[in-house]
4 protein chains.
Amino acid sequence: MPETSEHLVHRSNKDDLVKRLNRIEGQVRGISKMISEDKYCVDILNQIAAARAALDQVGLIILEGHVRGCVVRGIKEANEDAIVTELLDVIKRFV
Amino acid sequence: MPETSEHLVHRSNKDDLVKRLNRIEGQVRGISKMISEDKYCVDILNQIAAARAALDQVGLIILEGHVRGCVVRGIKEANEDAIVTELLDVIKRFV
Amino acid sequence: MPETSEHLVHRSNKDDLVKRLNRIEGQVRGISKMISEDKYCVDILNQIAAARAALDQVGLIILEGHVRGCVVRGIKEANEDAIVTELLDVIKRFV
Amino acid sequence: MPETSEHLVHRSNKDDLVKRLNRIEGQVRGISKMISEDKYCVDILNQIAAARAALDQVGLIILEGHVRGCVVRGIKEANEDAIVTELLDVIKRFV
């Protein structure tokens with residue numbers, strides 16, 4: 001609904017986030033390989049927990065950028081109802 | 001510590017798990033692309049929540065196989081202390 | 001830091017929240033009784049999961065009131081840095 | 001389904017668990033009071049996060065006793081299917 005240009009993930013964060021996601025992609029590929037090679041289940045589960053934690057970390061960084069950017073701007077522009085409802089929905093998906 | 005052959009992820013599950021992980025790998029790559037293309041933060045956060053839920057699902061399938069396989073076998077072979085301590089540790093990482 | 005009067009939980013919610021917390025208090029007392037009476041562990045665990053879910057629900061209602069009230073007001077009064085940092089901290093405690 | 005006597009929470013844990021639950025009951029009552037007295041939302045949310053963490057801790061202690069007691073015994077008595085299915089269900093409720 002808002003124009004893309006208004007919702008840019010903060011540029012300095014972008015490189016960091018892409019690097020983190022590349023690492024997570026590698027972790028997921030590694031988990032797939034562990035399953036194919038019949039590695040021990042508990043080692044696989046620990047890798048899954050690590051990938052999930054890394055993904056949560058990316059989510060929190062993006063959420064922080066969203067609140068400091070889009071949410072603050074939306075409220076200042078008196079567009080608060082829509083932006084706040086949307087924020088609460090996304091928080092509920094993570095809790 | 002146990003021999004690999006004793007800890008095989010159940011064969012019929014293996015194909016399904018590898019397919020699920022390939023899909024998650026694609027989701028993670030898609031999230032990275034959304035960030036590069038400055039997509040709206042909330043759409044990115046929803047994709048992250050979806051990837052995390054898919055990863056949890058894989059974790060639960062592997063945990064189930066582990067309990068039904070390694071844990072049951074370990075307890076029957078009177079190796080219960082080590083296997084139960086390890087199981088509780090892995091559960092704590094997921095809760 | 002802000003005056004109490006500015007941070008009132010919305011009045012219509014207050015009665016509902018107090019009722020929910022009374023019910024949770026009763027659930028916690030019931031769990032204690034189940035332990036004293038040596039009830040089956042899985043039944044106790046299910047009650048704990050139910051109490052935790054009820055507590056999360058209360059948290060989400062208060063968080064919603066906080067965002068719609070204090071956060072929106074803080075941002076409009078250009079006090080955005082402090083209020084947003086505090087909000088992100090509290091979200092991290094729940095994720 | 002199993003007789004109560006077989007599923008006793010380990011006696012040495014019982015006093016500790018009841019004490020923890022009494023403390024949680026007090027925390028929940030305190031949260032209710034904070035709401036009645038219009039305390040700041042973020043302070044209330046932090047108290048809710050603390051009560052939830054304390055409840056999770058109780059859940060993990062009971063889960064540990066359950067696995068070391070009922071689950072090990074069930075598997076040794078070749079009653080493994082029912083007990084393992086029940087265990088996986090309860091883990092899913094907590095993850």
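This is a predicted model: local features need pLDDT of at least 70, side-chain atom pairs count only at pLDDT 80 or more; totals for chains, interfaces and linings use all residues.
Student: Okay, and which helices of chain C touch chain D?
Tutor: Helix H1 (11–36), helix H2 (41–76) and helix H3 (80–94) of chain C each give at least two residues to the side that touches chain D. The largest share is from H2(C), with 17 residues.

Student: What's that side made of, by class?
Tutor: On chain C it has 26 nonpolar, eight polar and ten charged residues.

Student: How much area do chain C and chain D bury between them?
Tutor: About 4400 Å², and 71% of that is on carbon and sulfur atoms. Asp38(C), Tyr40(C) and Arg52(C) supply 16% of what chain C buries against chain D, more than any other three residues.

Student: New topic: how is chain C laid on chain D?
Tutor: A turn of 180° with a shift of 0.0 Å along the axis does it, and the RMSD is 0.0 Å. The two copies are thus related as by a two-fold rotation axis.

Student: And how many residues does the contact take from each chain?
Tutor: It takes 44 residues from chain C and 44 residues from chain D.

Student: Why do we say the copies meet through the same surface?
Tutor: Because 100% of the interface residues of chain C are interface residues in chain D too.

Key. Residues are numbered from 1 along each chain as its sequence is written. Chains are lettered from A and ligands numbered from 1 in the order in which they are written. Side-chain values use heavy atoms; hydrogens and water are left out. Copies are superposed by least squares on the C-alpha atoms of residues with pLDDT of at least 70 in both. Contact means heavy atoms within 4.5 Å. Buried area is the accessible area (1.4 Å probe) that two parts lose on being put together, summed over both. Helices (H or I, at least four residues) and strands (E, at least two) are DSSP runs, numbered from the N terminus. Ala, Val, Leu, Ile, Met, Phe, Trp, Tyr, Cys and Pro count as nonpolar, Asp, Glu, Lys and Arg as charged, and the others, Gly among them, as polar.
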